[in-house]
Amino acid sequence: MATRRVRVGGTLAPPRETHTAGACTGKGSPAPPRPRSAATSSPAAGGTEPGAVRGRGRSGGAMADAVAEPGSLPLLAAARRAYEAAFGGAAVLAAWAPARVNLIGEHTDYNGGFVLPMALQLGTVLVGSPTQDGTISIVTTAEEADKPHRVQFPVPHPDSPLSPGEPRWANYVKGVIQHYRGGPVPGFNAVIASDIPLGGGLSSSAALEVATYTFLQQLCPDDGDLVAKALACQKAEHTFAGMPCGIMDQFISVMGKEGHALLIDCRSLETVLVPLTDANLGVLITNSNVRHTLTGSEYPTRRRQCQEAAAVLGKMSLRDATMAELEESRSYLGEGLYQRARHVISEIARTAQAAQALQDKDYKTFGRLMVESHNSLRDDYEVSCPELDELVAAALEVDGVYGSRMTGGGFGGCTVTLLEAAAAERAQHHIQEKYSGTATFYLTKPSGGAKVLPL
């Protein structure tokens, strides 16, 4: 088969196979990006978190050494075992898609701004086999998912499309199947397994969506367009999970490159790869183990406030507004809208500056911008919580820490800390000692994006 290279915003993505033959040649239209950012979390993608280090809070207890995430192979083995137990045979296809952490650029993507995420070694695996009966059967191994953990439904047809329902975890998968750009999708059996912490702000939902899409590409190939793939997964979350997310999470899960963060312009979808390969540098994710649910009222409220502020300023989005214009209109906005807009406008500028600092290996500047981001999210956007503030404050007390901030939608989840690699163990001990709860640590590095796993 011929291969082609897909150019994305000036960066050259890996080759994708172009399929021109076969029965599955249907092609739908990808959805345009719609507002919102932060990570959502899919109940199907909660996992056992292998490779994580869990510590105790002030009640005491010994801390274990942190280890890097184990990657996709142990997860794949677990998924294959679960498939054999559920369906009585061996899976023949497998796909994996990563979680992500956003280094900086929070609540900016649904305002047309910049984000700077990186893909993680934590991820979601989907294994399965095609069937001939026109039925799709899917099992999740996530104990925390709403029940039942096994669902079965007929393949979609133009006159009988899929629709969301119960259990909620299955909606992420159904949405991707319904909006898949190849087709028609045949029947299949599949098992989902994940090591992404549920509700941690690391985007287990996007990983599940992208893993599902990558699995479907093996069953029934599409045209290999990476941007359209991410947009289709985003559309699935909008229409089936009821979350009006921005494009960041699906984009980085598809486009992630090992050893790099990805600066994404969420308006143009242009991307810039930013190297993150310094062996003396570490990225420490700390899970507060406080859960957030973004489909509640807070997230849509923030989005609506941004739209209202942009309208007062006479702008299509806050991406077009300046701090000077904001100050001129302060009396018309009211304090609440003013604060929300001040966060977004300043965060968009911070993210562009941070990407340049990382490119220049100016880690002190990057760390300062991370702290400014956290303070803005805490004070102006009001999406932090006491647990996240505790974790950030503790991290900043450690020698060798450049910066720390909450990451994801807020109201719980994780912090991300940039630090000297040699300070990682020291930082974990200190953070856990200071934290009133029980934290889990992931010492990580940038991973590649979604991939097919050989069986």
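This is a predicted model: local features need pLDDT of at least 70, side-chain atom pairs count only at pLDDT 80 or more; totals for chains, interfaces and linings use all residues.
Student: Which residues of the largest nonpolar core touch the most other members?

Tutor: They are Leu 103, Leu 116, Leu 202, Leu 358 and Phe 366. Several elements give two or more residues to this core: the strands β6 (93-104), β7 (114-130), β11 (260-265), β13 (281-287) and β15 (414-420), and the helices α6 (298-312), α9 (335-359) and α10 (363-379). The largest share, ten residues, comes from α9.

Student: What does Leu 116 touch, leaving out residues up to four places away in sequence?

Tutor: Its partners include Leu 103, Leu 358 and Phe 366. Among the others are Asn 102, Ile 104, Ala 261, Leu 262, Leu 263, Val 274, Thr 351 and Ala 355. There is also a second, separate core of 51 residues, with Ala 119, Ile 177, Leu 226 and Phe 251 among them.

Student: Now the helices. How do I read the way α9 and α10 pack?

Tutor: Look at the angle and the distance between the axes. For α9 and α10 the angle is about 165°, and the axes are 9 Å apart. An angle over 145 degrees counts as roughly antiparallel, so α9 is roughly antiparallel to α10. The crossing in which α9 passes α10 is left-handed.

Student: Which residues make the contact between α9 and α10?

Tutor: From α9, they include Gln 339, His 343, Arg 350, Ala 354 and Leu 358. From α10, they include Tyr 363, Phe 366, Leu 369, Glu 372 and Asp 379. Sorted by class, the contact of α9 with α10 has seven nonpolar, seven polar and four charged residues.

Student: At what angle do α2 and α3 cross?

Tutor: Helix α2 (residues 169-179) and helix α3 (residues 204-219) cross at roughly 40°, and their axes come within 9 Å. The two helices are therefore oblique to each other. In this pair, α2 passes α3 in a right-handed crossing. Trp 169, Tyr 172, Val 173, Val 176 and Ile 177 of α2 make the contact, with Leu 208, Tyr 213 and Leu 216 among the residues on the α3 side. By class, this contact has eight nonpolar, two polar and one charged residues.

Student: What should I look for in the backbone itself?

Tutor: Check phi and the peptide bonds. Most residues other than glycine have a negative phi, and most peptide bonds are trans.

Student: Which peptide bond is cis with omega near 5°?

Tutor: That is the bond from Lys 147 to Pro 148. Pro 148 sits in the loop between β8 (135-140) and β9 (150-154). Another cis peptide bond joins Glu 166 and Pro 167, with omega about 0°. You will find Pro 167 in the loop between β9 and α2.

Student: And what about phi? Is His 107 buried or exposed?

Tutor: His 107 is not a glycine, yet its phi is positive, about 60°. This residue belongs to the loop between β6 and β7. Buried means under 20% relative accessible area, so His 107, at 1% relative accessibility, counts as buried.

Student: Where does Leu 269 lie?

Tutor: Leu 269 is in the loop between β11 and β12 (271-275). Its phi is also a positive value, near 65°. With a relative accessible area of 13%, Leu 269 is buried.

Terms used. Residues are numbered from 1 along each chain as its sequence is written. Side-chain values use heavy atoms; hydrogens and water are left out. A nonpolar core is a set of buried Ala, Val, Leu, Ile, Met, Phe, Trp, Tyr and Cys residues joined through side-chain atoms within 4.5 Å. Buried means under 20% relative accessible area, exposed over 50%, partly exposed in between (1.4 Å probe, protein chains only). Helices (H or I, at least four residues) and strands (E, at least two) are DSSP runs, numbered from the N terminus. Contact means heavy atoms within 4.5 Å. Axes are lines fitted to C-alpha atoms, for helices over the stretch in contact, and angles run from 0 to 180 degrees between N-to-C directions. Angles under 35 degrees count as roughly parallel, over 145 as roughly antiparallel, 65 to 115 as roughly perpendicular and the rest as oblique. A crossing is left-handed if the near helix is turned anticlockwise from the far one by less than a right angle, and right-handed if clockwise. Ala, Val, Leu, Ile, Met, Phe, Trp, Tyr, Cys and Pro count as nonpolar, Asp, Glu, Lys and Arg as charged, and the others, Gly among them, as polar.
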